[in-house]
Every structure is written in structure tokens, then in C-alpha cells.
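Walk me through this protein, starting from a single residue and working out to the whole fold. What sits where, and what touches what?

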Amino acid sequence: MAASHPHPFTAEESLERLKAGNERFVSGLARFPTVQKEVLADLAKGQHPHTTILGCSDSRVPPELVFDASFGELFVIRVAGNVLGPAILGTLQYAGLHLRTPLFVVMGHEGCGAVDAAIASKFHGVAQQSRIETLLEGIEPALDDLDSSQPHEALLHAAVEANVRYTVRALLGTWEVQARLAEGEMKLIGAVYELESGWVRFLD
């Protein structure tokens, strides 16, 4: 679907805005403690977010705060373990076809409970409630190539990154992403948020 108007940001400009916002957040110089009513009224006319983010539901990882982003800047989808599913894919498809965001970010975080539960299920046979098991099924394939004998902290660190990369690869295989990439105006990247420092580490 063609955009009716060119998007105001490129993928690289969107990524630089995220990095700059995260730096302000970490340094204590966030810009948006409040939003003026005039801004809200203008946004009511329509949205043009520069980035779509698929992140984890963890209460410690709110993308708008982490990237010091105001209303209307980010289109955010959050689910435990930042896993894909029909509703998530449908929302991503909407962002790609209708909002035309130039940058898509899959953002996991250190110490993710969903990834930790997937480790326990896959490597130690720990059972969960049925719906949680369904969620973990979306994470466990990402752990196939990990060394389960390494210390737990190192394993969890590796698993969080592996889960992000697995989701990015899955999205790269969709026709929507292939079409947008062929246009040369869209970028898909993985990232990991560090809970203790507040920094976001973007993956190559």
C-alpha cells in the first residue's frame, strides 16, 4: 500500500532519535514530564509515529520513557517476552501498511521473566499453566543453539538476545517486511534494554 504522503523521518533518523532520547533518559534530562493540551489537540487529528516497537510487558521497561518520547512518536506493542502471535503480527502489519513507520524495533530486556521461564521449561522440564506454556512456545525455539550448561546468569543474558534475534528473523521472513525493505525506506533492528543502567543496546 503506497503512502499518501512521504513519512517525515527516515529509518536512520528515527534510530538516531531513539538513541538520543535514551541518552537523555539515562542522564536525567528527559524532556516530557507533561504534555500541553495544544499538542494533544493536534495529535487528535492523526498519528505519524517515527518508530514501531515490539517490546515486553514488563513494568520496568516502558518504551516511551526509555526513549524520552512524547505522545505520537512511538507506536508500541507490548507482550510478555516480546513474542509474535496473530494479534501481534496484525498490529505490526497495520503499522507497516498504514502508519508506514520507517523504523521497527524488537526490544527485549535483561532479566526477562518470560525468557527465564522458557529456559526453565526447555532445559529443566518446569511446567507452567497452559496459557503461559503457549506463550513460552514462542520463545523456546530461540534457545536451540544455546549452551545450557553455562551459569544461569550468562544463559539468561544469551537467551534474551537470542530471543530478540529470533523474532527479528521471523519478521524478516514476512512478505510485508520484504516489500518494505525492497522500497529502501524501512529498517528492522533488535535491541536489549539494560535494567540496571537504563541503556538500550542496539544489536547489529
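Thr167 counts as buried, because its relative accessibility is 2%. In this predicted model, Thr167 belongs to helix H7, which runs over residues 152-172. Setting aside residues up to four places away in sequence, Thr167 touches Leu54, Asn82, Leu84 and Val106.

Next comes the nonpolar interior. In soluble globular proteins, nonpolar side chains tend to be buried together. The largest nonpolar core here has 34 residues. Leu92, Val115, Ile119, Ile139 and Leu188 touch the most other members of this core. Several elements give two or more residues to this core: strand S2 (74-78), helix H4 (86-99), strand S3 (103-109), helix H5 (113-124), H7 and strand S4 (187-193). The largest share, seven residues, comes from H7. Val115 shows some of the packing in detail. Apart from neighbours within four places in sequence, Val115 is in contact with Ile139, Leu156, Ala159, Val160 and Asn163. There is also a second, separate core of 16 residues. Val66, Met107, Ile189 and Phe202 are among its members.

Now follow helix H4. Its 14 residues should span 20 Å at 1.5 Å a residue. The end C-alpha atoms of H4 are 19 Å apart, which agrees with that expectation. Which residues of H4 are buried? They are Ile88, Leu92, Ala95, Gly96, Leu97 and Leu99. These buried residues pack against strand S1 (51-55), S2, S3, H7 and helix H8 (175-183). After H4 comes Arg100, which has a positive phi near 60°.

The structure has two aromatic pairs by count. In one of them, the ring centres of Phe75 and Tyr94 are 6.0 Å apart. Their planes lie at 45°, so the pair is tilted. Phe75 is in strand S2 and Tyr94 is in helix H4, so the pair ties together parts that are 19 residues apart in sequence. Tyr94 is partly exposed, because its relative accessible area is 37%.

Then there are the cysteines. How many disulfides does the structure hold? It holds zero. For a disulfide, the two sulfurs must lie within 2.5 Å. For Cys112, the closest cysteine sulfur is that of Cys56. Cys56 counts as buried, because its relative accessibility is 6%. Cys112 is buried too, at 1% relative accessibility.

Finally, step back to the whole protein. It has eight helices and five strands. Along the sequence, they follow the pattern α-α-β-α-β-α-β-α-α-α-α-β-β. The radius of gyration is 18 Å, close to the 17 Å that the globule rule gives for 204 residues, so the protein is as compact as a globular protein of that length. Its C-alpha atoms fill a box of roughly 55 × 40 × 30 Å along the principal axes. Of the 204 residues, 43% count as buried. Among contacts between residues at least 6 apart in sequence, 71% join residues at least 24 apart.

Methods. Residues numbered from 1 in each chain as written. Predicted model: local features only at pLDDT ≥ 70, side-chain atom pairs only at ≥ 80, totals over all residues. Heavy atoms only, no water. Helix = DSSP H or I, 4+ residues; strand = E, 2+ residues; numbered from the N terminus. Buried < 20%, exposed > 50% of the residue type's maximum accessible area, 1.4 Å probe, protein only. Contact = heavy atoms within 4.5 Å. Core = buried A, V, L, I, M, F, W, Y, C linked by side-chain atoms within 4.5 Å. Phe/Tyr/Trp six-rings, centres within 6.5 Å; stacked < 30°, edge-to-face > 60°. Expected span 1.5 Å × (residues − 1). Rg over C-alpha atoms; globule rule 2.2 N^0.38 Å.
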